[in-house]
Structure formats: C-alpha cells, structure tokens
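Here are my notes on this model. Please keep the structure open as you read.

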Amino acid sequence: MKRLLVLCGAPGSGKTRVSNYLQQHYGFSRVITHTTRPPRTGEVTGQDYYFETTASFAKQHYFEKVVYDRHYYGSSREGLKRAWQKSPRAVIVLDTQGALTYCQQLPQQTVCVYLAVSSPQTLLKRVEQRSFTENGKKHLQSREGQRDLQVPPALQNKCQVLVNDNWQQTQQELEQLLRANKLFSDD
Ligand SMILES: Nc1ncnc2c1ncn2[C@@H]1O[C@H](COP(=O)(O)OP(=O)(O)OP(=O)(O)O)[C@@H](O)[C@H]1O
Ligand SMILES: Nc1nc2c(ncn2[C@@H]2O[C@H](COP(=O)(O)O)[C@@H](O)[C@H]2O)c(=O)[nH]1
C-alpha cells in the first residue's frame with residue numbers, strides 16, 4: 001500500500017532536515033507543495049516548493065490549502081500522485097492544520113509525526129541561524145508559528161511526537177518509528 005508520512009511542528013523544529021534525511025537514507029519521495037512566500041536563500045522552485053504568485057497559486061488544484069504567516073501554502077492530489085509514482089513511501093511537510101486534513105481524509109495511508117524541540121531558546125536559535133531572506137524569528141512569532149509550538153487538541157490522538165533535541169537520537173528514534181509503522185522498506 002502507498003503510504004504518506006506527514007511531518008509537522010513549529011518553525012525550526014527540523015521538518016525539512018528530517019524530510020531530507022528520509023529521502024537520502026530511506027528511499028522516501030517528497031511531495032512538493034506550493035507557496036506564495038518568497039524563496040529563501042538557496043531555495044529552488046520545483047525542488048523546495050513551487051513558488052507561485054497569488055494569481056498562479058489560485059490556478060492549482062489543492063487537496064488542502066492554508067494561510068501561514070500571511071502567505072498561501074497548498075498541496076495537490078497531483079503532487080501526491082507524482083511522489084507515489086517515484087516511491088510507495090512519500091513524505092510531506094505541512095503545518096498542523098494541513099496535517100489534520102490528511103489524517104482525516106487519508107487515515108489509512110497517513111502516518112503523522114509532530115516534531116518537538118524541548119527548549120524554546122534552542123528553537124529560537126535554530127530559526128535565527130538560518131540564512132533567511134525574511135526574518136526567521138518573525139515566522140516563529142506569527143499566529144500560526146505560535147499555534148504550532150504545541151500539538152493542537154484536534155491532532156493529539158492522531159500524531160506521534162518525536163523530540164528533535166539531539167540529531168543522533170532523532171535518527172535512532174526515526175528508524176524505530178519507521179519500523180513500528182511499517183515504513184521501513186517497500187514491503
Ligand atoms: N537535532 C538538531 N540539532 C541541531 N540542529 C538541528 C537539528 N534539527 C534541525 N536542526 C537545524 O535547525 C534549523 C531548522 O531546521 P529545519 O529547517 O529543518 O526546520 P523546519 O521545521 O523545516 O523549519 P520551517 O518550518 O521554518 O521551514 C536548520 O539549520 C537545521 O539544520
Ligand atoms: N497546510 C500546508 N502547510 C504547508 C504546505 N507547505 C508548507 N507548509 C507549512 O507551512 C509552514 C511554513 O513553511 P516555511 O517553509 O515557510 O517555513 C510550515 O509549517 C510548513 O510545514 C502546504 O502545502 N500545506
């Protein structure tokens with residue numbers, strides 16, 4: 001069966017790093033989503049996101065879409081199909097609202113993981129360290145960034161929490177999580 005690993009969590013919690021790791025080490029394909037936010041330094045359209053104007057964003061067909069820190073973000077059924085054509089195990093990075101939509105609409109196929117960081121200072125340091133064209137701290141302080149600092153009540157019994165304080169430990173716990181959820185190989 002085709003499966004989808006949904007990664008959500010606060011800005012700077014490590015969603016992108018974990019998603020890249022799953023692609024590099026465990027054969028996951030990534031669902032690329034659409035956004036109207038400007039690219040950060042080094043981000044490439046078609047690889048990190050499909051970067052859209054407000055007009056071009058409106059022309060896509062979305063499975064779900066949200067406003068996050070004043071920008072539109074959306075994921076399409078076509079994007080998921082494309083990812084599943086490459087691998088039966090796909091990964092998608094979403095805010096918690098989008099994560100809830102996948103849990104509700106594709107419950108059999110979705111495994112939802114909320115990434116947490118124990119110390120607010122560490123989280124702030126991680127977003128500040130990144131070379132953003134925008135201010136990473138501002139992203140964290142947005143309404144949606146603050147909401148995603150905790151697992152929202154509606155998602156609480158639908159996602160597994162992975163604490164990403166220490167990268168070595170995160171790698172070990174990720175492997176356990178993949179095995180426990182039958183996401184370790186294509187079998
Ligand atoms: N366990 C860890 N230890 C130290 N640094 C980490 C760890 N996990 C991630 N980082 C670093 O923290 C920063 C933020 O990580 P990342 O970009 O993956 O977060 P994100 O959740 O995707 O953020 P956003 O939602 O804002 O895009 C990056 O510089 C990343 O390399
Ligand atoms: N619900 C959705 N959330 C998405 C989508 N693509 C990304 N995201 C989430 O938005 C925030 C901000 O992302 P950033 O790259 O600007 O830091 C983050 O939580 C992403 O996971 C989407 O298509 N739908």
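1. Ligand 1 is surrounded by 16 residues, and the closest include Pro11, Gly14, Lys15, Thr16 and Arg126. A residue counts here if its C-beta atom, placed from the backbone, lies within 6 Å of the ligand. Helix 1 (15-26), helix 5 (120-129) and helix 8 (167-180) are the elements that each give two or more residues to this shell. Helix 1 gives the most, with 3 residues.

2. This is a predicted model: local features need pLDDT of at least 70, side-chain atom pairs count only at pLDDT 80 or more, and totals for chains, interfaces and linings use all residues. Residues are numbered from 1 along each chain as its sequence is written, while chains are lettered from A and ligands numbered from 1 in the order in which they are written.

3. The protein has 8 helices and 9 strands. Both are DSSP runs, numbered from the N terminus: helices are H or I with at least four residues, strands are E with at least two. The C-alpha trace spans about 40 × 40 × 30 Å along its principal axes.

4. The largest nonpolar core has 29 residues. Such a core is a set of buried Ala, Val, Leu, Ile, Met, Phe, Trp, Tyr and Cys residues joined through C-beta atoms within 7 Å. Buried means that 20 or more other C-beta atoms, placed from the backbone, lie within 10 Å of the residue's own. Leu5, Val6 and Leu7 are among those with the most contacts inside this core. A second, separate core of 5 residues includes Val117, Leu123, Val127 and Leu140.

Definitions and conventions
Buried ≥ 20, exposed ≤ 12 C-beta atoms within 10 Å, placed from the backbone.
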